[in-house]
Amino acid sequence: MIKGLAAFIILMASAVCFGQQDVNALEILEVREDAAVPAAKMKGIESEDWTLQYKLKNKDLYLECVIPDFSLADKEKGGDGYLLVQMNGQEAAKMNQAAFIMKSLPPGEHTIDVRPVSYDGKSKAETISFEIEIAAP
């Protein structure tokens, strides 16, 4: 419940900062603890330091990240950092969870960038980028 409230606050702040026209692109993240999808149904991308798997289902993008020796827990709980998620060059979220869903993506081609970042703002591993296409209704 607290995570959902935090996501809502982030989305509302994004609406104020980016204006109504850009809000649709940013109103996409919903943190779900049950977001894991069987690996056989996901596309995998490996970097030197970590692995990202994803699956596109309709307008929803399921993501799951495996980052050895890097805890995504909240800073207060002793975590190392978060995942910086960008869509089309704009920050979409800072995630403290390895599996999550980007819901109701707008139609079109999108570039998704995901990068582990420590709480002091330093990149802890290279960015993994990939492109997806959401069909128009």
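## Asp-60 and its surroundings

In this predicted model, Asp-60 touches Lys-55, Ile-101, Met-102, Lys-103 and Ser-104, when residues up to four places away in sequence are not counted. Asp-60 belongs to strand E4, and its side chain reaches the backbone nitrogen of Ser-104 at a distance of 2.9 Å. Because its relative accessibility is 17%, and the cut-off for a buried residue is under 20%, Asp-60 counts as buried.

The surroundings of Leu-63 can be listed in detail: leaving aside neighbours within four places in sequence, Leu-63 is in contact with Leu-52, Gln-53, Tyr-54, Ala-98, Ala-99, Phe-100, Met-102, Val-114 and Phe-130.

## The four-stranded sheet

Four strands form an open sheet in the order E6-E5-E8-E9, and their pairing is antiparallel. Strand E6 (90–95) and strand E9 (128–134) are the edge strands, each of them pairing on one side only. On average, and with direction ignored, neighbouring strands of this sheet are turned by 25° against each other.

Strand E8, which covers residues 108–118, runs antiparallel to E9 and is joined to it by 7 bridges. Within this pair, Gly-108 stands opposite Ile-134 of E9.

## Gln-97 in the loop between E6 and E7

Gln-97 is located in the loop that lies between E6 and E7, and with a relative accessibility of 13% this residue counts as buried, because the cut-off is under 20%. The side chain of Gln-97 reaches the backbone oxygen of Ala-99 at 3.3 Å, and Ala-99 is in turn one of the residues in contact with Leu-63. Between Gln-97 and Asp-74, which are 23 residues apart in sequence, the distance from C-alpha to C-alpha is 9.0 Å.

## Two loop residues with positive phi

Asn-58, in the loop between E3 and E4, has a phi near 55°, a positive value in a residue other than glycine. Asp-69, which lies in the loop between E4 and E5, likewise has a positive phi, near 60°, and is a residue other than glycine.

Are these two residues buried or exposed? Asn-58 has a relative accessible area of 67% and is therefore exposed, since exposed means over 50%; Asp-69, with a relative accessible area of 81%, is exposed on the basis of that cut-off.

## The chain as a whole

Of the 137 residues in the chain, 36% are buried.

Among the contacts in the chain with a separation of 6 or more, 55% are accounted for by residues 24 or more positions apart. The chain exposes about 8100 Å², of which carbon and sulfur atoms supply 50%.

Conventions: Residues numbered from 1 in each chain as written. Predicted model: local features only at pLDDT ≥ 70, side-chain atom pairs only at ≥ 80, totals over all residues. Heavy atoms only, no water. Pairing = 2+ DSSP bridges. Axes fitted to C-alpha atoms, helices over the stretch in contact; angles between N-to-C directions. Contact = heavy atoms within 4.5 Å. Buried < 20%, exposed > 50% of the residue type's maximum accessible area, 1.4 Å probe, protein only. Polar contact = N/O pair within 3.5 Å; in protein donor to acceptor, adjacent residues only side chain to side chain. Areas by Shrake-Rupley, 256 points an atom, 1.4 Å probe, with all protein chains shown as cover.
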